[in-house]
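These are my notebook entries on one protein model. I set down what I looked up and how each term was defined.

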Amino acid sequence: MRVVWFAGLAALTAAGPAFAEIALFGNARLGLGYNITNSGALDTEATTRTVPVLDADGDPVLDDDGNPVTAQERIPDNELEGNEDLRAVSRVRFGVRMTGESDSGIAFGAEIRADNAGGAGTGDSSSVGQRSGSVFVSGSYGTLTFGDINGADEFRVGNVESTTGRVGLTSFDDFDDIYFGSNGNDTGSDRQGFVRDGDNTGRPTVRYDYDFDAIPLGISLSTNRDLQNFVIGANYLIELEAGTIGLGAGYAEITEYVARAGNFVPDYDQISVGATAAFGDFSGFVGYLDTDGQDDAELEQIIVSLAYSFDALTINGFYSDLITATGDTSFGLVGEGDFYAFGASYDLGGGARVIGGVAEDTAGNTMADFGITMRF
């Protein structure tokens with residue numbers, strides 16, 4: 001159920017086709033989780049460790065008393081260990097979606113979740129800008145969107161959740177994400193670790209989309225808030241008798257920035273390709289990404305997902321392999337290795353769904369959850 005208000009004196013007086021609509025939306029979940037936090041991330045025993053400080057020759061640095069000097073080091077994701085606790089997990093979110101249309105047929109609108117409302121304005125300072133929500137204007141020449149949105153490559157290549165559905169109640173900290181550099185976020189909660197807490201990658205993202213009428217082809221262009229990055233994406237839909245196949249590709253040139261662990265990340269290029277398929281009760285997604293940066297920084301990833309639905313029941317799963325994450329940058333902190341998850345869900349109707357899943361992360365930790373999701 002949703003609450004809707006209609007506004008606009010023009011509509012009331014029949015002066016033209018202009019209208020405006022404001023609608024509330026929301027979602028919630030409750031259930032149990034094993035070895036995870038309330039957000040679905042691994043419930044770690046520790047995230048840092050004490051290591052000796054070494055000099056240029058690799059020898060321990062000593063203090064005035066001759067004792068080794070130590071420092072705290074962030075443990076890479078693929079070495080983190082879990083607490084293996086069972087706990088309750090729950091969350092509720094709601095927001096507002098605003099849409100309208102001008103007398104000349106130009107569509108416009110905005111969307112924001114209540115928990116992100118503070119980032120929808122100018123942010124902590126006027127230099128930050130909008131970090132949350134989105135604002136768009138759309139017409140016959142395409143759609144222009146600003147805000148906390150996907151870059152052009154991610155928008156056209158696709159992802160696991162939009163194709164084969166969420167795995168598990170919490171989606172296990174979004175390990176089903178592809179590590180698109182265009183998805184940098186100042187507040188940073190995405191699994192896409194090496195772009196987290198970006199500087200030049202920060203919001204708002206600016207994206208232009210155009211879908212052709214004559215052929216099933218769509219193209220997008222995007223950049224960051226400082227208009228320094230260049231990202232392009234395109235997809236093409238093939239319709240067959242038995243189903244559909246979607247093909248997408250993207251390319252990004254990302255400027256230097258400081259990553260979540262304080263590491264300097266130099267300029268890098270990134271290419272990505274993806275394919276979606278839907279045949280009867282089956283759907284699937286395959287995505288590949290390759291990143292080349294300065295100082296021998298490389299990031300390569302492949303991800304595969306599959307879902308089977310019959311009646312109200314859906315069984316799905318995905319496998320993600322971070323093949324390479326090297327170089328003297330934060331690329332090596334995102335957890336090189338493989339991650340897989342399997343789940344099932346049952347649609348109760350009315351926006352409620354019973355859902356659960358089991359996953360194993362790059363360090364071999366087993367995680368699980370089970371509960372009910374609700375959409376309003």
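The entries below treat strands, cavities, a surface patch and salt bridges in turn.

**Entry 1: ground rules**

I note that this is a predicted model, in which local features need pLDDT of at least 70 and side-chain atom pairs count only at pLDDT 80 or more, while totals for chains, interfaces and linings use all residues. Residues are numbered from 1 along each chain as its sequence is written, and side-chain values use heavy atoms, with hydrogens and water left out.

**Entry 2**

I began with strand pairing. Strands (E, at least two residues) and helices (H or I, at least four) are DSSP runs numbered from the N terminus, and two strands pair if DSSP finds at least two bridges between them.

I looked up β8 (142-147) and found that 5 bridges join β8 to strand β9 (residues 205-211), the two running antiparallel. G147 stands opposite T205 in β9. Strand β9 is also joined to strand β10 (residues 217-223), by 6 bridges and again antiparallel. Here Y210 stands opposite I219 in β10. A hairpin through 5 residues connects β9 to β10.

**Entry 3**

I followed strand β11 (residues 230-239), which pairs with strand β12 (residues 243-254) in the antiparallel sense over 10 bridges. The hairpin between β11 and β12 passes through 3 residues. Opposite Y236 I found L247 in β12.

Strand β12 also pairs with strand β15 (residues 268-279), antiparallel, over 12 bridges. G250 has S272 in β15 as its bridge partner.

I then took β19 (337-349), which is joined by 9 bridges to the antiparallel strand β20 (residues 352-360). D347 has R353 in β20 as its bridge partner. The β19 and β20 hairpin has 2 residues between its strands, and G350 in the turn has a positive phi of about 70°.

Strand β20 pairs with strand β21 (residues 366-375) over 9 bridges in the antiparallel sense. E360 stands opposite T366 in β21. These two strands form a hairpin with 5 residues between them, and G364 in that turn has a positive phi of about 85°.

**Entry 2: cavities**

How many cavities of 30 Å³ or more does a search of the whole structure find? I recorded 2. A cavity is a set of points, on a 1 Å grid over the protein atoms alone, where a 1.4 Å probe fits but cannot get out, and its lining residues have an atom within 4 Å of a point. Grid points are joined across faces, edges and corners, and a volume is the space filled by probe spheres set on the points.

The largest cavity has a volume of about 60 Å³. It is lined by 10 residues, of which S182, T205, T223, N224 and N229 are the closest to its centre. I sorted this lining by class: 1 residue is nonpolar, 9 are polar and none is charged. In this sorting, Ala, Val, Leu, Ile, Met, Phe, Trp, Tyr, Cys and Pro count as nonpolar, Asp, Glu, Lys and Arg as charged, and the others, Gly among them, as polar.

The second largest cavity holds about 50 Å³ of space. Its lining includes F175, Y179, D321, G337 and T362. The elements that give two or more residues to this lining are β18 (313-326) and β19. The largest share, 3 residues, comes from β18. By class, this lining has 5 nonpolar, 5 polar and 1 charged residues.

**Entry 3: a nonpolar surface patch**

I found a nonpolar surface patch of about 740 Å², made by V135, Y141, L144, F146, Y208, L221, F230 and I232. Patch residues have over 30% relative accessible area and no salt bridge; like charges are joined within 9 Å, and nonpolar side chains (Val, Leu, Ile, Met, Phe, Trp, Tyr) within 5 Å. The areas come from the Shrake-Rupley method with a 1.4 Å probe, and for residues only the protein chains shown count as cover.

Strands β8 and β11 each supply at least two residues of the patch. F146 is found in β8.

**Entry 4: salt bridges**

Side chains of opposite charge can pair when their charged atoms come close. A salt bridge is a side-chain nitrogen of Lys or Arg within 4 Å of a carboxyl oxygen of Asp or Glu. A search of the whole structure finds 10 salt bridges.

I looked up the one between E111 and R97, whose closest N and O atoms are 2.8 Å apart. E111 lies in strand β6 (residues 107-113) and R97 in strand β5 (residues 86-101), so the pair ties together parts that are 14 residues apart in sequence.

How values were computed
On a 1 Å grid over the protein atoms alone, a cavity is a set of points where a 1.4 Å probe fits but cannot get out, and a pocket is an open set with protein on both sides within 12 Å along at least five of seven lines; lining residues have an atom within 4 Å of a point.
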